[in-house]
Amino acid sequence: MQSDALATRDDDGEEALTDELAEKDLKREIREMQEEKRQRDDYAKRLGRKITKLNAALADVVEEEEGLRRKQEHELNKKDNENASLRREMLARADNQNRRIREYFNDVLYTKPPVSRNKHVDLDTVKVTNSRFQNPLAFRIDETTTVIKLRNNACKYWNVPPDNCILKTMSNNKCSDEIRVKDCFKQGELAQLRLEEKKMEASKPTEEELKAIMPKGKGRKVKRRDPRYNVEGIETIQRHIDGYASQLKKMGGIYFLPKLRDAKPSEHCSKIKLRDMVIYTALIVLTVWVYTSRRPAAEDYWLVRGIEDFFSLQVPKAAPPKTDYTTYVPEFLRVDSQTAMWDWLENTLPSIIWSDTDFSLGDYNMLVGYMAIRVKNVVRPYPPWTKCLDNQDFVKSIGGTCYPERAIGEDEERADFPSLVSYWDTVTQKDRSDPQRIRGDANPAKFASAEQNAEQYGMGSILGSVDSYDAGGYSVQYKMSVPNNTKATAFYLEDMAQLKQVGWISLTSRVVIISFTLYNYDYDMWTANDFLFQIPPSGAVRPHMIARPFKPRLDETRRELTETSIDIARIMIAIYILVFVGMNERRHKIKYHKAGAWYHVSLNGITDFGIVICIWVVVLWRNIGFRGPPVGERLAQVDVKFHSFTDLALTYNNIFCIEGLLMIFLSLRMMSFFRLNHRIYLLWKMLGVGFMSFSFFALMFLPTLIGFIILLHTRFGVYLDKFSSFNMAAVQFYRIVQGQLNMNELVNIDMAWSMVLSVLFFVMIPFMTFNVYAAIVVDAYFITQITAGGPGESWTLNKYYRWAVPSLLVNMIQAITPGQHIETA
């Protein structure tokens, strides 16, 4: 019995052990299935994102194809459109010719023959008007023409029943049918009658009407009538009197014409000198020549485009994980995660800098000195919620962490990397004995402040698309032009593996900056390049590329010396404008009883001072900022240690921007000389008259503009990068006004707000704003034509001669040849 019990217990133990093992196997299989499901979901999400990108690319291709199709249709229908336009023009000319023929006929029919001074002029023409029709009628009358005959003819012309109409004079007197037309008017009264409808209801005559129909004989005694107050008559007269004012208000030109004063005679022609026109023209020619010489067309574009194309390559990964759905590293501008960023740093960057292929970046350009990789990190908060602004209690309760938003000041990490210090000391000790040294002076384990990097390496602040970054941070440097590219790549990958292991780029990183300099042999241009991986607190990675062409020195070649000589000539012209032109302008103001200081706030004064300031700033900045060592000596310096040319390249390009501002001032100043032509003077004055209205309406429109920008930024900035900031939303609103924005993106995000935005935009911009601006221009042109219009002063040969030749020379010629002068044309 005991042996049976023992056997039973052994069987139960083995069965329990078997069940336990089976349960563990099932749990392991469940975990493996869950892991496999998670991987499939991740792979499906990646495929979904890739399909979304491909759909976007397909939409762009379809849109481009539709644009080409519309362009082809336009070219096919171009001939038909031109023929239709020609037909419309011919019809318009025919209508204009018919109108002119009718006007000539009217002149022939109604023009009276000349009358001698002593001959008595009889009334032979009467005008008849009707409130229902615009144009008045002119009728020939004689001694026997009666009112009823004239009324019947007028009613027959306008197709109205004569029994329902009556003729009145302009003083509101009714004309009886039996009297002659000549007897209807007083002495000196305007010979014009109004055809009006009869009022069928009976109305008592007013006091004025009773006085008007009284007999006018001298010998007759007029029975005195008691004055009577007739309300209806007074209201009728008042309506008649006010009717003219209401009609005048409907015609703005006639209503405002009595209120406008004639403009004072302009004396602008007397201050426009031929020598000034020659000086300003020469300055424009010199500025255009020196700009095109220093910045030839398209060279900068192709220089930067070549760099962008090299950094847009997709390089295969060295050892892709099995979980990756692609074996290629994305191009620079498509890096969207820290994993992809590390893949780009470990695979793409060394294959571009140290490439052994025949068509590499180093084959077309000279790799100048060292390349620097710099990272800026924020401190790790302790306790984790101390950097939270308004939600510390909530973050503390859920166990979250708030990292600082920006790596600046106390929020920037400055501590050393202990595990990286020993590694870097070891590799740099080996580099001292290596004649082909690849690593630079910077220590990636130690923090360098912005002041230290600016002093040692010439680094400055960099403005990215997310934030602005100073020169501080952790840096590592590598020489780009080396004899053995394989060795350089091996050292670089070894360092990258160590940096990745110690967390050199981590959750606390805010930006990774790759800086290097290139020199192109053919264009003789340098390029300062900064490639940024910006990492905001959300964890997204936003690449940003900055490539600025420049020249470190501008006075080495013969052409550069010629350009420097032209800059000296422009300085002399600027002195002439500041002294002599300004003196002449102030003297002209004082001569015509105005303060000379008004010149400084006028358009001519603003443009003159703008020209002088731009020339001085451009020439001095260019000669002071680009007077460094010769190019050969500078290349030897940067071959020893890293040097950043970002600030110098930014200065180089900003100077050309000031050159563009100089051309704007010169163009406006040259337009002021063209006021010698009376038509251009009227247009110039029209802009001045409409400027105040333009300014007022622009100020009124500013809140609407800000509202549109806020709406775009608030609703669509969460999903579209182009609306992510207020400044970028303002730029996109300008593109909407130009009709260059794809509205399908907005409709796909929010159809309701897109429709609201479209309706408001149509009402406020094309319908209201453009029409108001057109009305302002028309009103300003109308006022200018009334107050300063006319044929203008005719310029004779003598006047051109006295304008073009200086007064001193004219007096000398008259003294030498007395009695002779230029005859007028």
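Tutor: Let's go through a pair of helices, then a sheet.

Tutor: This is a predicted model, where local features need pLDDT of at least 70, side-chain atom pairs count only at pLDDT 80 or more, and totals for chains, interfaces and linings use all residues. Residues are numbered from 1 along each chain as its sequence is written, and side-chain values use heavy atoms, leaving out hydrogens and water.

Student: At what angle do the axes of helix 20 and helix 21 cross?

Tutor: Two packed helices are described by the angle and the distance between their axes. Here, helix 20 (residues 678-716) and helix 21 (residues 726-738) have axes that come within 9 Å and cross at roughly 110°. Helices here are DSSP runs of H or I, at least four residues, and strands are runs of E, at least two, numbered from the N terminus. Axes are lines fitted to C-alpha atoms, for helices over the stretch in contact, with angles from 0 to 180 degrees between N-to-C directions. Helix 20 and helix 21 are therefore roughly perpendicular (65 to 115 degrees).

Student: Which residues of helix 20 and helix 21 meet?

Tutor: Among them are Leu-705 and Phe-708 in helix 20, and Phe-726 and Phe-733 in helix 21; contact means heavy atoms within 4.5 Å.

Student: And in what order do the five strands of the sheet come?

Tutor: Strands of a sheet pair through backbone hydrogen bonds, either parallel or antiparallel. This open sheet has the order 10-7-11-12-13, with antiparallel pairing (at least two DSSP bridges between two strands). Strand 10 (474-479) and strand 13 (542-550) are at the edges with a single partner strand each, so one side of each lacks a neighbour in the sheet. Nine bridges join strand 12 (residues 525-534) to strand 13, and Phe-533 has Pro-543 in strand 13 as its bridge partner.

Conventions. Angles under 35 degrees count as roughly parallel, over 145 as roughly antiparallel, 65 to 115 as roughly perpendicular and the rest as oblique.
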